Amino acid sequence: MEVKKENNIHMEESYILALYDDEEELLASIKVIRNAGIKIRDVFTPFPVHGLDKALGYKPSRIPIVGFISGAIGTITAFLFQSWVFVLAWPLNIGGKPFFAVPSFIPVTFEITVLFAAFGMIGAFMYKSKIFPGRKNKIYHERITDDGFVMIIDYDKFITDEKRKEIENYLNDGGAFDIDFVNIKNIE
Amino acid sequence: MGERFQYSKKHKTFALILVGFGIICMIAGLIIINEVSVRLWANILLNNFFFLSLALGSIVFIAIHNLGFSGWQTAFQRIPEAMSTFIPYAGIMMLLFTIFGMHDIYHWSHTEDLDPILQGKSGYLNIPFHYVRLCLYFIIWSLLAFYIRKTSLKMDTDPNPAILKRSTTFSAIFVVLFAITISASSWDWLMSIDAHWYSTIFGWYIFIGMFNIALAGMILFLIFLKKKGYYKEVNENHFHDLGKYLFGFSIFWMYLWFSQYMLIWYANIPEETIYFNARLDDFPFLFFLNLILCFLIPFLLLMSTGAKRNMTTMAICSVVVLIGHWIDLYIIIMPGSVGKAANIGILEIGITIAYLGLFLLIVLRNLSKKPLASENHPFIKESYTYET
């Protein structure tokens with residue numbers, strides 16, 4: 001284990017960071033760069049930008065499917081549980097209503113559906129993006145945590161100068177006001 | 001100037017045929033049932049309110065978007081604007097209905113034999129005040145709808161973006177007055193059919209139904225015009241948002257329906273449960289069909305993103321929602337007026353078709369008079385490049 005850890009510490013990853021201060025410029029620039037065949041690793045924005053998923057060519061999220069399934073599980077669980085409690089386990093006469101009183105089950109069923117759907121989606125999201133308490137984040141750039149629109153491109157050290165210039169030109173033309181080359185120690 | 005809808009002879013003849021066919025069906029229905037008054041007036045009230053909902057819901061749609069400085073709807077805003085021109089016609093019909101049919105539908109209007117409960121309500125439910133309110137509602141709605149539409153049309157000739165501000169002012173006044181008038185008018189025209197019964201959530205419930213009807217109508221008009229080759233800039237992003245509206249408000253409608261139902265069911269007070277008793281005993285099929293059409297089908301069909309962006313599913317859902325809300329109004333109006341004898345026959349269908357023809361006649365003509373989009377609207381670019 002010790003050896004592996006040491007290996008990891010020495011493993012460094014290099015990136016090109018391009019900073020923008022406008023989401024429209026960023027979107028236009030992403031289209032140009034992707035058309036040129038350059039792979040974008042990630043984009044960070046201070047607020048959700050409409051159309052960014054499509055510009056980056058991401059597949060539609062599958063979170064809604066998880067939401068539907070976990071919601072449906074919630075509906076069934078809540079309804080069956082209440083039916084079991086109020087009909088079989090502990091029948092109580094409440095205001096002369098029948099034991100199996102469907103209308104009175106509906107608010108609870110609804111709430112449990114929402115709860116299950118929400119927890120299911122959050123759980124699935126955290127699992128897929130490997131977010132968990134105590135995780136150490138890679139901070140590519142200080143501005144990511146504040147107000148910066150940052151595009152990250154994988155940078156290979158053995159890249160030719162020509163290729164590097166080309167990428168830089170694309171970024172500058174797209175309106176990037178700052179371009180950084182950074183090495184980040186891969187902690188994981 | 002932008003493109004215009006070509007209101008051809010074909011459209012006009014089609015609408016006129018609908019009106020003619022509807023009236024023939026209506027007369028045939030009247031001959032068959034051989035009893036003029038109650039059923040005829042109940043159906044006129046139903047359809048008048050249904051098509052008034054289409055018109056009034058659209059002006060609400062415009063008003064809330066004006067107030068929110070929203071831009072995405074500007075590409076097709078002329079459709080709800082044109083739909084809102086039906087309000088004065090519905091007003092005239094409502095006035096005629098009240099003059100001739102009032103005593104058949106509203107038993108509180110027989111002032112000579114009022115029971116103690118209705119005597120207690122006679123401060124509000126009396127004939128002169130009923131007329132005053134009716135005129136007031138339609139004057140308020142027609143005038144504000146007219147001015148909201150007028151300011152929007154003014155942008156075609158005057159590129160000054162400050163006009164939007166005027167429109168916002170009218171919208172603000174409209175929204176406040178509408179909140180009061182819609183509750184009061186739903187008590188007057190629908191809830192007072194069962195004059196002994198009352199429900200405090202009724203106004204909301206009717207309003208959400210109204211908004212759903214207008215959304216569905218708007219979507220169908222938009223799809224019709226898009227299929228004809230107009231509105232090239234309106235794309236699936238706009239449909240996505242309209243779909244979200246239809247989906248969300250269908251759920252909200254169900255929420256209000258259930259809020260009303262559950263409190264009455266739980267409290268189990270005879271004077272309140274009589275409302276659902278009459279409906280569940282005499283119209284069990286329509287009662288549950290209403291819930292399926294207004295909530296379950298749009299809920300399940302429109303849940304996914306793809307369905308909201310697809311014109312076919314949206315059209316199917318809109319038609320389903322329109323039929324569902326027609327049945328909803330039927331369930332509200334018929335048990336208290338016609339009673340057990342009510343059913344959906346040639347008379348009901350005839351009057352609905354006649355109203356549909358009249359509505360299309362007025363709306364399509366008004367739609368064709370002006371450009372289909374206001375090119376000078378400050379947010380029109382935002383709408384054309386809109387992405388959800």
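**Figure 1. Helices around the largest cavity in chain B.** α9 (236-267), α10 (270-282), α11 (284-301) and α13 of chain B each supply at least two residues of the lining of the largest cavity. Helices (H or I, at least four residues) and strands (E, at least two) are DSSP runs, numbered from the N terminus. The model is predicted, so that local features need pLDDT of at least 70 and side-chain atom pairs count only at pLDDT 80 or more, while totals for chains, interfaces and linings use all residues. Residues are numbered from 1 along each chain as its sequence is written, chains are lettered from A and ligands numbered from 1 in the order in which they are written, and side-chain values use heavy atoms, with hydrogens and water left out. The largest cavity holds about 70 Å³ of space. A cavity is a set of points, on a 1 Å grid over the protein atoms alone, where a 1.4 Å probe fits but cannot get out; lining residues have an atom within 4 Å of a point. Grid points are joined across faces, edges and corners, and a volume is the space filled by probe spheres set on the points. Among the residues that line the largest cavity are B:W257, B:Q260, B:R279, B:N290 and B:D328. Its lining divides into seven nonpolar, two polar and two charged residues. Ala, Val, Leu, Ile, Met, Phe, Trp, Tyr, Cys and Pro count as nonpolar, Asp, Glu, Lys and Arg as charged, and the others, Gly among them, as polar.

**Figure 2. The second largest cavity.** The residues lining the second largest cavity include B:F49, B:G209, B:M210 and B:H325. B:Y205 and B:D328 line the second largest cavity and also line the largest cavity. By class, the second largest cavity is lined by six nonpolar, two polar and one charged residues.

**Figure 3. The second largest pocket.** A pocket is an open set of grid points with protein on both sides within 12 Å along at least five of seven lines. The volume of the second largest pocket is about 730 Å³. Of the 23 residues in its lining, B:F51, B:L220, B:L322, B:L356 and B:L360 lie nearest the centre. Helices α1 (9-33), α2 (37-67), α8 (202-227), α13 (311-337) and α14 (346-369) of chain B each supply at least two lining residues, and α14(B) gives the largest share, seven. The lining has 20 nonpolar and three polar residues, and no charged ones.

**Figure 4. The contact between chain A and chain B.** Ten residues of chain A and nine residues of chain B take part in the contact (heavy atoms within 4.5 Å). About 950 Å² is buried between the two chains, with 73% of it from carbon and sulfur atoms. Buried area is the accessible area (1.4 Å probe) that two parts lose on being put together, summed over both. A:H50, A:K97 and A:P103 supply 47% of the area that chain A buries against chain B, more than any other three residues.

**Figure 5. The salt bridge between the chains.** There is one salt bridge between chain A and chain B, a side-chain nitrogen of Lys or Arg within 4 Å of a carboxyl oxygen of Asp or Glu. A:K54 and B:E387 form it, with their closest N and O atoms 3.5 Å apart.
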